[in-house]
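Good morning, and thank you for making the time.

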Amino acid sequence: MGEDLSGSSLADIDVSDPRRFECDTWQPLFARLRQESPVHYQAESPAGPFWSITRFNDVVDVEKNTEIFSSEPTIAIIDPPPERRSQMFIAMDQPQHDVQRRAVQPVVAPKNLREFEALIRKRSGEALDALPEGKTFDWVELVSRNLTTQMLATLFDFPWEMRHKLSEWSDAVTSDERMTAGKGLKMEERLEVIMEILEVFTRLWHERIGDGVESFDLIRLLQRDPNTANMVGDPTNYIGNLMLLIVGGNDTTRNSMSGGVHFLHDNPDQFERVKNDRSLIPSMVCEIIRYQTPLSHMRRTVTRDFEFRGQKMKAGDKVILWYCSANRDESAIPNADQFLIDRESVRNHASFGFGIHRCMGNRLAEMQLRVVWEEALKRFSDIKLMSPPTRLCHNFVRGYSSMPVQVTRYQ
Ligand code: HEM
């Protein structure tokens with residue numbers, strides 16, 4: 001989708017077109033929106049009418065005003081029919097949001113993260129040692145998908161031999177045909193997967209009740225908190241939160257792990273710098289997450305008629321917060337189009353959102369990526385991209401379907 005938008009009116013362009021993300025040609029449109037129409041109304045799209053917020057500070061302001069900009073009934077650009085709506089705390093306002101988030105937050109408490117780090121290091125080392133040398137392989141499959149699936153299985157204490165199911169489910173749940181230019185699953189197909197997830201996790205819930213195991217996995221955390229101890233009896237809420245935790249911890253980190261290879265390939269000077277100075281890895285990881293922006297947006301819904309930056313919004317209007325655009329906003333991030341691993345205020349990006357819904361797993365994701373890069377740079381003098389990566393045709397998940405690489409080991 002190599003577009004020339006210069007002659008087109010913004011009113012005629014579908015900002016949410018997934019093909020623009022598949023071809024990675026979204027940047028000029030969003031630069032134009034930031035410049036000409038930062039709070040932009042689109043009257044028609046496959047998801048219906050919506051507002052696009054594209055400047056960094058506006059995204060922050062909308063996220064902080066939770067009274068006007070609600071996360072209910074959904075944070076997806078498309079509206080599921082009311083009878084198919086799952087309840088998850090990312091799509092809840094206060095106070096219910098806080099109650100449910102509090103129940104599972106301990107999974108990413110500092111003490112748990114310290115314990116995870118050793119495990120992640122061991123697994124990363126094993127995965128990287130097993131990579132073929134002198135042969136092209138898919139980094140997405142053998143590294144990113146492999147390691148993030150293992151992590152997700154640990155967070156749920158999920159049966160190890162079935163762990164591949166978690167990433168299959170994650171892919172299926174996010175693959176709605178209306179967000180993928182028709183390439184995804186139909187609603188009935190997704191529903192089948194959702195029922196399978198519910199069945200497996202309902203069994204796991206019952207097996208774990210009162211088993212006395214002192215584990216901090218997500219299921220036992222829900223069981224232990226009095227506010228969520230009966231969640232299994234409310235399948236809409238249980239499946240909603242399961243989907244949130246499965247998707248939240250999976251695609252995002254996986255695609256950042258792949259994105260890093262791509263950005264280092266395109267910026268050989270930055271690759272040299274980090275090879276020579278591995279203390280740059282933590283800030284490089286933040287820069288990878290900014291540059292990738294693994295989730296391009298979140299949605300809010302206007303609760304009552306409201307004027308924002310001179311634009312009259314109506315109760316019920318959809319508002320899309322384009323994180324990918326906020327992350328390229330020069331007024332908040334100098335040289336935003338460049339990949340610079342030691343930039344100042346490197347954590348000041350939009351990829352994790354802001355306010356009460358700010359990503360719960362942000363420290364876990366950063367740690368996982370840091371450890372993978374620490375272990376990779378110990379082993380490999382080069383990670384070479386052999387042909388351009390292929391990207392997902394998706395307007396929500398910004399990710400890769402393949403990343404063909406070869407690695408060279410230190411002798
Ligand atoms: C690079 C990796 C990741 C990125 C870019 C990312 C991005 C996001 C974003 C944009 C939000 C919504 C923020 C908002 O609405 O303001 C979010 C929420 C969330 N994320 Fe992440 N995420 C990542 C990794 C993870 C991991 C590893 C977990 C696993 C624990 C996780 C769990 C969650 C949860 C549970 C929420 C809902 C928070 C709430 O509503 O209070 N995320 N994430």
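The iron atom of the ligand has a single donor from the protein, the SG atom of Cys-359, at 2.3 Å. Donors here are N, O and S atoms within 2.8 Å of the metal, or 3.2 Å for Na, K and Ca; water is not among the atoms, so sites may look incomplete. Cys-359 sits in the loop between helix H14 (323-326) and helix H15 (362-379). Helices (H or I, at least four residues) and strands (E, at least two) are DSSP runs, numbered from the N terminus.

Before going further, a word on the source. This is a predicted model, in which local features need pLDDT of at least 70 and side-chain atom pairs count only at pLDDT 80 or more, while totals for chains, interfaces and linings use all residues. Residues are numbered from 1 along each chain as its sequence is written, and side-chain values use heavy atoms, with hydrogens and water left out.

Which residues come nearest to the ligand? They are Glu-63, His-97, Arg-101, His-357 and Cys-359, out of 27 residues around the ligand; a residue counts as near if one of its heavy atoms lies within 4 Å. This shell divides into 13 nonpolar, 10 polar and four charged residues. In that division, Ala, Val, Leu, Ile, Met, Phe, Trp, Tyr, Cys and Pro are nonpolar, Asp, Glu, Lys and Arg are charged, and the others, Gly among them, are polar.

Turning to polar contacts, these are pairs of N or O atoms within 3.5 Å; within protein, one must be able to donate a hydrogen and the other to accept it, and residues adjacent in sequence count only if both atoms are side-chain atoms. An N or O atom in the side chain of His-97 is 2.6 Å from an oxygen atom of the ligand. For the side chain of Arg-300, the corresponding distance to a ligand oxygen atom is 2.9 Å. Phe-354 contributes through its backbone, with an N or O atom 3.3 Å from an oxygen atom of the ligand. The elements that give two or more residues to the shell are helix H4 (96-104), helix H10 (235-248), helix H11 (251-266) and strand E5 (297-302). H11 supplies the largest share, three residues.

Let us move on to the sheets. Five strands form an open, mixed sheet in the order E1-E2-E8-E5-E3; two strands pair if DSSP finds at least two bridges between them. Its edge strands, each pairing on one side only, are E1 (39-42) and E3 (69-70). E1 runs antiparallel to E2 (residues 50-53) over four bridges, and Tyr-41 has Trp-51 in E2 as its bridge partner. Helix H3 (residues 56-64) packs on this sheet and touches E1, E2, E3, E5 and E8 (318-322), its direction making about 130 degrees with that of E8. Contact means heavy atoms within 4.5 Å; axes are lines fitted to C-alpha atoms, for helices over the stretch in contact, and angles run from 0 to 180 degrees between N-to-C directions.

Two bridges join E4 to E12 (residues 404-409): Asp-138 stands opposite Pro-404, and Phe-137 opposite Val-405. E9 and E12 pair over five bridges, and Lys-384 has Gln-406 in E12 as its bridge partner.

Finally, the backbone. Cis peptide bonds join Glu-72 to Pro-73, with omega about 5 degrees, and Gln-94 to Pro-95, with omega near 5 degrees. Pro-73 lies in the loop between E3 and H4, where Pro-95 is also found. Asp-24, although not a glycine, has a positive phi of about 60 degrees; Asp-24 belongs to the loop between helix H1 (18-22) and helix H2 (27-36).
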